[in-house]
Amino acid sequence: MTTSSRPVRRSPVRSLTREQVIAGAVRCIDRDGPQVSMETLAREMGVAKPRLYRMFADKSELDGAVSDWLVAQIYSAVAPDLSLIMQPPRATIHRFLTAYAGVIAEHPDVFRFLVLTQSVSSADPAARPLDIGRRLSRDLAERSRSVLSSVALDTDGIDHLLRGIVGFVMAVTDLWLDTDPVPLPEPTALFVDRTTNAVVQLFDGFLREKGVVIEPDMSVAATLAIITENAPPLD
């Protein structure tokens with residue numbers, strides 16, 4: 001007796017996007033700590049590890065995507081506050097750092113994960129160190145250059161300034177999380193206040209070199225207006 005040939009039913013292939021994998025990586029890091037492997041992530045996503053390598057060339061590319069995710073979270077936390085331009089510079093910086101600290105406090109092991117990837121030996125090209133500071137400082141420099149150029153203020157040195165500021169913030173964030181492993185409100189507020197004071201002084205020094213003295217209680221919008229009024233006429 002011949003057996004009729006019937007098509008074999010296969011389980012549907014689970015669709016998976018890069019965004020889902022990045023979200024899965026963040027979940028793993030939040031739950032298991034900064035030492036997360038591709039094997040752990042594959043189990044989390046319910047797929048074989050080669051499936052991940054079809055989406056990310058290697059782990060360093062995934063690390064970069066997680067770094068981009070963290071930067072995006074920081075910006076999205078502060079971007080909706082359109083009132084910042086109407087506040088004094090110190091209040092604006094304090095608001096940005098408060099939003100930054102809120103994201104880090106929610107995902108402290110993601111920050112530790114990115115610091116860990118930077119400490120890997122560069123002799124291994126597959127584990128190229130990442131630098132979240134470079135990503136942040138480049139973006140902030142572009143934004144600052146756009147604003148300052150609009151009021152005819154010389155922006156020479158802005159990249160140097162912001163690379164230093166971001167590097168300082170990254171370093172003191174590491175110190176904060178080292179002394180406060182599970183971030184609590186009071187140490188977090190102290191971290192924000194102290195970091196704000198330092199960043200304000202760095203910005204103030206940069207602007208004074210350009211001949212601009214900021215009034216502490218004057219809004220960013222009013223400060224920019226005064227800079228525009230006092231700017232030398234264009235040739």
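Helices (H or I, at least four residues) are DSSP runs, numbered from the N terminus. This is a predicted model: local features need pLDDT of at least 70, side-chain atom pairs count only at pLDDT 80 or more, and totals for chains, interfaces and linings use all residues. Residues are numbered from 1 along each chain as its sequence is written, and side-chain values use heavy atoms, with hydrogens and water left out.

Start with the empty space. Rolling a probe the size of a water molecule over the atoms shows where such space is left. The search runs on a 1 Å grid over the protein atoms alone; a pocket is an open set of points with protein on both sides within 12 Å along at least five of seven lines, a cavity is a set where a 1.4 Å probe fits but cannot get out, and lining residues have an atom within 4 Å of a point. Grid points are joined across faces, edges and corners, and a volume is the space filled by probe spheres set on the points.

The largest pocket has a volume of about 1,400 Å³. It is lined by 41 residues, and the closest to its centre are Thr92, Ile93, Ser144, Phe203 and Val220. At least two lining residues come from each of α4, α5 (89–106), α7, α8, α9 (185–209) and α10 (220–230). The largest share, eight residues, belongs to α9. By class, the pocket lining has 31 nonpolar, four polar and six charged residues. Here Ala, Val, Leu, Ile, Met, Phe, Trp, Tyr, Cys and Pro count as nonpolar, Asp, Glu, Lys and Arg as charged, and the others, Gly among them, as polar.

Axes are lines fitted to C-alpha atoms, for helices over the stretch in contact, and angles run from 0 to 180 degrees between N-to-C directions. Angles under 35 degrees count as roughly parallel, over 145 as roughly antiparallel, 65 to 115 as roughly perpendicular and the rest as oblique. Contact (heavy atoms within 4.5 Å) joins Leu97, Tyr100, Ala101, Ile104 and Ala105 of α5 to Val169, Met170, Thr173, Trp176 and Leu177 of α8. Nine of these residues are nonpolar, one is polar and none is charged.

Next, α8 (residues 158–179) meets α7 (residues 132–150): the axes come within 8 Å and cross at roughly 140 degrees. This pair is therefore oblique as well. Among the contact residues are Leu136, Leu140 and Ser144 of α7 and Leu162, Val166 and Met170 of α8. The α7–α8 contact has nine nonpolar, three polar and four charged residues.

Now turn to α1 and α4. They pack at an angle of about 85 degrees, with their axes 10 Å apart. That makes α1 roughly perpendicular to α4. Arg18, Val21, Ile22, Ala25, Val26 and Ile29 in α1 meet Glu61, Leu62, Ala65, Val66 and Trp69 in α4. The classes here are nine nonpolar, no polar and two charged.

The largest cavity has a volume of about 60 Å³. Its lining includes Ala25, Ile29, Leu62, Val66 and Phe113. The largest share, four residues, comes from α4. The cavity lining has eight nonpolar, one polar and two charged residues.
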